[in-house]
Amino acid sequence: MPATEMQPLVSLCQRRGFIFQSAEIYGGMKGLYDFGPLGVELKNNLKAAWWRAMVHGRDDMEGLDGAIIGHPLMFKYSGHVDTFNDPLTECLDCKARMRTDKMADPTVCENCGSKNLLPPRAFNMMFKLQYGPMEGSGSEAYLRPETAQHIFTNFKNVLDATSRKLPFGIAQMGKAYRNEIIARNFIFRVREFEQMEIEFFVLPGEDEAWHDKWLETRLQWWESIGVPRSRIQVKDVAKDDLAHYSKRTFDLEYAFPHGYDEIEGIANRTDYDLGNHTKHQEELNLTAKVHKNTHSNARLAVQIDEDPEAAAKGINGPKKWVVPFVIEPSAGVERACLAVLCEAYTEETLPNGETRTLLKLKPHLAPIKAAVLPLAKNKPELVAKAQEVKNMLQRLGLGRVLLDASGNVGKAYRKHDEVGTPLCITVDFDTLSDGQVTVRDRDSMAQIRLPLADLAAHVRGAIEG
Ligand code: ATP
């Protein structure tokens, strides 16, 4: 049974070192969180799983890591300066600020029930900053509110460097910043977060089939990290609610304790983005309505054969420029971590009536892969043997392996269940004579005796599957 309330999970995350309020000793800042010793492992494992599946596991993808600070013209031509707005209202009685498109009734204050609200105004969510030592106009830049724009502005660079042909994608993971009107629901809506984004470039006309294909690919990935389809609702966003650049969007909404909410958007962005950032727009038969670009020095298009069938037969015919359409699967790392944690969070009643809390994390995501426990902490020969076993497992390079020498095995089991450690390995007095250890499985609590010679293969099998 996944988490049905957020509070127990939030408190586990704080207590066990997954996630802390940022700058808590100064009262914290709303919408900013720091990932602690276990949180950073979970987050890194999750991002690595995405990169492995979306980049290393495919033949049609390149990676990118763009700058976080964005050129003002990039965000002018992307449309962010003019349109990256949320509708903001303020209650004149209690001074609460709210986003009207997320309110149950936009005429009633969510905080105090007053109807004394200011009319909504467009609030731009980008963080503006001064770039370089000179203040004033011309020195402003923005923290990127999404990673996507660097992919579009590097389209030609990547194409030239790799000689890719359509269809192919560029993937990027990294920080994004949005000055959200209200940050809430723990790490669900924050002002600094990370995105895992793909811009997949296809021939116009092939976009709809690729859009469907990406929906399926991404649902499979969510399943692989422990978020099953049965807990994701795919919303085919209604025409009236589509972003201005989108032909069609699927929102993947996970069943969070606070209700179904978005973990990923998969949009068909047509030729809007490359079309906005390209030079010579008028020659390119763009389908999207774009802003006239008088600054770009690159043609963001590919050359294709006018008659592909003839070209396939080796006949050299005329070529034409085409601006690719873009399919964009865009997921948030924090929301993914939260969905994974919610899904893994389990409270079980044991036969003796006690409850145990565990995180049934997929082993490849678990922050600690295995804990090695000497049965007693005051027996140097046991601790030394446990240390030896821990060193051996650490060298496998599977992730964190800890020596937990508290000497209280029962307590250590409970702690490691709670943080999702798949395996606990106990070194006892018999180990010293028979060379065997006890391996306990987190989910079934089953214990087996295993010769040390077989331990590495067993642990590898359990973690890598
Ligand atoms: P929402 O409607 O919830 O504000 P969005 O539709 O604006 O989200 P996108 O612009 O599609 O979000 O961004 C892609 C992904 O980035 C989202 O699916 C989400 O996982 C993540 N994301 C967006 N905004 C935030 C945020 N403030 N905090 C955490 N993750 C976010």
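A residue counts as buried here if 20 or more other C-beta atoms lie within 10 Å of its own, exposed if 12 or fewer, and partly exposed in between, with C-beta atoms placed from the backbone. Asn285 belongs to the loop between α8 (272-277) and β15 (302-305); helices (H or I, at least four residues) and strands (E, at least two) are DSSP runs, numbered from the N terminus.

The loop between α6 (155-162) and β10 holds Ser163, another non-glycine with a positive phi, about 55°. Ser163 counts as exposed because it has 6 C-beta neighbours inside 10 Å. Pro167 lies in the loop between α6 and β10 too, and a cis peptide bond with omega of about -5° joins it to Leu166. For background, most residues other than glycine have a negative phi, and most peptide bonds are trans.

## What kind of model this is

This is a predicted model: local features need pLDDT of at least 70 and side-chain atom pairs count only at pLDDT 80 or more, while totals for chains, interfaces and linings use all residues. Residues are numbered from 1 along each chain as its sequence is written.

## The whole chain

The protein chain has 14 helices and 24 strands, and its C-alpha atoms fill a box of roughly 80 × 70 × 50 Å along the principal axes. Of its 465 residues, 37% are buried. Take the contacts with a separation of 6 or more (C-beta atoms, placed from the backbone, within 7 Å), and 60% of them are between residues 24 or more positions apart.

An automatic or database domain assignment sets the domain bounds: domain 1 (37-83 + 138-339), domain 2 (85-124) and domain 3 (366-464). The centres of domain 2 and domain 3, taken over C-alpha atoms, are 54 Å apart.

## The seven-stranded sheet

Seven strands make an open, mixed sheet in the order β3-β10-β11-β17-β14-β13-β12, where pairing takes at least two DSSP bridges between two strands. From one strand to the next, the twist averages 20°.

Ten bridges link β10 (residues 168-177) and β11, which pair in the antiparallel sense; Gln172 has Glu197 in β11 as its bridge partner. Helix α10 lies across β11, β13 (248-256), β14 and β17, at about 105° to β11. Axes for such angles are lines fitted to C-alpha atoms, for helices over the stretch in contact, and angles run from 0 to 180 degrees between N-to-C directions.

## Around the ligand

The ligand is surrounded by 16 residues, the closest being Phe193, Gly265, Ser330, Gly332 and Arg335; a residue is near the ligand if its C-beta atom, placed from the backbone, lies within 6 Å of it. β11 (192-202), β14 (259-270), β17 (325-332) and α10 (333-344) each supply at least two residues of this shell, and β14 gives the most, with four.

The shell divides into four nonpolar, four polar and eight charged residues. Ala, Val, Leu, Ile, Met, Phe, Trp, Tyr, Cys and Pro count as nonpolar, Asp, Glu, Lys and Arg as charged, and the others, Gly among them, as polar.

## An open hairpin

Strands β23 (residues 436-441) and β24 run antiparallel, joined by five bridges, with Val439 opposite Ile448 in β24. Five residues lie between the strands of this hairpin, where Met445 takes a positive phi near 65°. Strand β24 (residues 447-451) lies largely in the open, because zero of its five residues are buried.

Conventions: Contact = placed C-beta atoms within 7 Å.
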